[in-house]
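Here is a short briefing on one protein model. Read it alongside the sequence and the coordinates.

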Amino acid sequence: MRKLLLCIMALFIGANMAEAKPKVAILATGGTIAGSTDSKLATTGYTAGVLGVEVLIQAVPELKNLADITGEQIANVDSSNMTDEIWLKLAKRCNELLSKVDGIVITHGTDTMEETAYFLNLVLKSDKAVVLVGAMRPATAISADGPKNLYNAVALAANPNAKGKGVMVAMNDKILGARDVQKTHTLNVNAFDFGNLGYIVDGKVFFNSTNLKAHTKKTDFDISKLKTLPKVDILYTYSNDGSGVAAKALFENGTKGLVIAGSGAGSIHTAQKEVLKDLLKKGLKVAVSSRVKSGFVAVGDEDKKIGFISAQDLNPQKARVLLMLALTKTNDTKKIAEWFLKY
């Protein structure tokens, strides 16, 4: 009799385990995926960040087949208006939830999605899947891409093979790594590229690459006690460059670091560069990126001695994220340069 009871119990437990679904939390921050307009044909001129997280979840009832879903509204903004305060709130909430869920999906506007993804890639302290997702067309559009993107993102976050991959972006059936992903088109649904890790087809996840740079649990950065982030700004260089004036003004108003979007492999117009050399002596940190879409930045030995830091192949907006976090830990130019190599 006892053996029979044990067998029944084992079958019951086994059945429950088989039915158990991964737990996925959806954290909403706004963006086009939560956007609305009066016309079903309109894909521009909408208001971003209108719909709440529960509306997004209810619009895709198939999500329940993938995971046990919970939703939480962190913010509801057009991502062009993203702030450090929202970043810190989001990151801290992710770190809290990652001990309780199997994965996290973050709905986000596409304008600054790559920056938020990279920020989280550097500060989250778990190897569980965290996936950012958005849309290029508002929820009210006849051709809205948000629901399918959201379904794919949850499928990715729920997939056990997504563990350890770092923060990812799921857009237009692609899986893209946070470090390298870039928005490359203003309106097209195929707007994101670089950092390709794999793809998603009808909820099935396929990985074909990995991110070799340090991320998440393996980074040096901790935002758990931070309430603000150091002020870092970006300046372009260009023909007849006059932005040395802007560099001075920014430094005098509290900017701790500048990222220069250099021409070519990181060249800076002499008019701006002479001003930057003077500001470096006063304590400003300067990372040199490029306005060119891809490729490494070459900082010469003399410029390194002066204090210019190569942003490697990070674009200006991502170089800014790393420089901000680096300045929460140190003012040592050599150490910061090492982190640009590491991350």
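Buried means under 20% relative accessible area, exposed means over 50%, and partly exposed lies in between, using a 1.4 Å probe and protein chains only. Helices (H or I, at least four residues) and strands (E, at least two) are DSSP runs, numbered from the N terminus. The model is predicted: local features need pLDDT of at least 70, side-chain atom pairs count only at pLDDT 80 or more, and totals for chains, interfaces and linings use all residues. Residues are numbered from 1 along each chain as its sequence is written, and side-chain values use heavy atoms, with hydrogens and water left out.

**Helix 10**

- Helix 10 covers residues 333-342, and its buried residues are Ile336, Trp339 and Phe340.
- Seen down the helix axis, these buried residues fall within an arc of 105°, so they line one face of helix 10. The arc is taken from the directions from the helix axis to the C-beta atoms.
- Lys334 and Leu341 are exposed, on the face of helix 10 turned away from its buried side.
- Lysine 342 also belongs to helix 10. Its relative accessible area is 36%, which makes lysine 342 partly exposed.
- Lysine 342 lies 9.0 Å from threonine 219, C-alpha to C-alpha, though 123 residues separate the two in sequence.

**Strand 1 and its partners**

- Strand 1 (residues 23-30) has seven of its eight residues buried, so the rest of the structure largely encloses it.
- Strand 1 runs parallel to strand 2 (residues 68-77), and seven bridges join them. Two strands pair if DSSP finds at least two bridges between them.
- Leucine 27 has glutamate 72 as its bridge partner in strand 2.
- From strand 1 the chain passes through helix 2 (residues 53-58) to strand 2, in a right-handed β-α-β crossover. Right-handed means that, with the strands pointing away from the viewer, the path from the first strand over the helix to the second runs clockwise.
- Strand 3 (residues 103-107) also pairs with strand 1 in the parallel sense, over five bridges.
- Isoleucine 26 has valine 105 as its bridge partner in strand 3.

**Cavity**

- A cavity is a set of points on a 1 Å grid over the protein atoms alone where a 1.4 Å probe fits but cannot get out; lining residues have an atom within 4 Å of a point.
- The count is one cavity of 30 Å³ or more.
- The largest cavity has a volume of about 50 Å³. Volume here is the space filled by probe spheres set on the points, with grid points joined across faces, edges and corners.
- Its lining residues include Gln182, Ser289, Lys293, Asp313 and Asn315.

Methods: 1 Å grid on protein atoms, 1.4 Å probe; cavity = no way out; pocket = protein on both sides within 12 Å on 5 of 7 lines; lining within 4 Å.
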